[in-house]
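Subject: A structure for you to look at

Hello,

Here is the structure I promised to pass on. Have a look at it first, and then read my notes below.

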Amino acid sequence: MKNTSQQYLNSEAHGYLMEAKACKLLLKDLERIRAKLKRHIEKEAADREAEFEAAMQYHSESDIQEAYGWEFISEQQYERYLELFRQGRKALDEHSPTVTELALSILNRIFLDIDRDCRQCEFEALSPEEQLAELKRAEESRQAWKQYIASLKEMINPSAAQE
């Protein structure tokens, strides 16, 4: 987007630019929160992996039961270790989403919505001629992308592209 003095002469365009600026400020803060959530998710995954490794040190379910009976592990650990022992790595790979993972998913949707609003405000601040030029550029880019995807499909499966 060009920053020309004409944009600031148009009060409506100025309002759009201010809104886009506000969106960018929010996106910056949301990016920090997103990074924090990703770090927390990585820690949760590492904790699950450590718990899995601890459960796999037992050779049988009776070994886990014996450790619980001698109070080496808590009842909660006993139940979790049995689950991990029975399901194996599948229990790690197919776990239900954690609160943090759900929060990140929600945040990602919000982030995309605000980013789209930001781009829309920047577009609305353009003059009608600049908007047409931007729409033309976007369409050319979309067509180039379609051609690129078609060429990749052709390279992967030449016979399917001819059908």
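Tryptophan 145 is exposed, because its relative accessible area is 54% (exposed means over 50%, buried under 20% and partly exposed in between, with a 1.4 Å probe and protein chains only). Please keep in mind that this is a predicted model, in which local features need pLDDT of at least 70, side-chain atom pairs count only at pLDDT 80 or more, and totals for chains, interfaces and linings use all residues. Residues are numbered from 1 along each chain as its sequence is written, and side-chain values use heavy atoms, with hydrogens and water left out.

Tryptophan 145 has a ring partner, tyrosine 148: their ring centres are 5.5 Å apart and their planes at 35 degrees, so this pair is tilted. (Rings of Phe, Tyr and Trp, the last by its six-membered ring, pair if their centres lie within 6.5 Å; planes under 30 degrees apart are stacked, over 60 edge-to-face, and the rest tilted.) Both residues belong to helix H7 (residues 128-156), where three residues, about one turn of the helix, separate them. (Helices are DSSP runs of H or I with at least four residues, strands are runs of E with at least two, and both are numbered from the N terminus.) Tyrosine 148 is partly exposed, at 43% relative accessible area.

In total there are three aromatic pairs in the structure. Another of them joins tyrosine 58 and tyrosine 81, with ring centres 6.0 Å apart and planes at 45 degrees, so it is tilted. Tyrosine 58 is in the loop between helix H2 (11-56) and helix H3 (61-69), while tyrosine 81 is in helix H4 (residues 75-87), so the pair ties together parts 23 residues apart in sequence. Tyrosine 81 is buried, at 8% relative accessibility.

Beyond its neighbours within four places in sequence, isoleucine 73 has contacts with Tyr58, Ile64, Ala67, Tyr68, Tyr78 and Tyr81 (a contact means heavy atoms within 4.5 Å). Isoleucine 73 is buried, with 8% relative accessibility.

H4 itself has 13 residues and spans 18 Å from first C-alpha to last, close to the 18 Å expected at 1.5 Å a residue (the expected span is 1.5 Å times one less than the number of residues). Its buried residues are Tyr78, Arg80, Tyr81, Leu82 and Leu84, and their cover includes H2, H3 and helix H5 (89-93). After H4 comes glycine 88, with a positive phi near 70 degrees. Methionine 56 is in helix H2 and touches Leu84 and Phe85, leaving out residues up to four places away in sequence.

Two side-chain details are worth a look. In helix H6, you will find glutamate 122, which is buried at 16% relative accessible area. Its side chain makes a polar contact of 2.7 Å with that of lysine 24 (a pair of N or O atoms within 3.5 Å; within protein, one must be able to donate a hydrogen and the other to accept it, and residues adjacent in sequence count only if both atoms are side-chain atoms).

Finally, a word on confidence: the protein chain has a mean pLDDT of 89, with 92% of its residues at 70 or more (pLDDT is the predictor's confidence in each residue, from 0 to 100).

Best wishes
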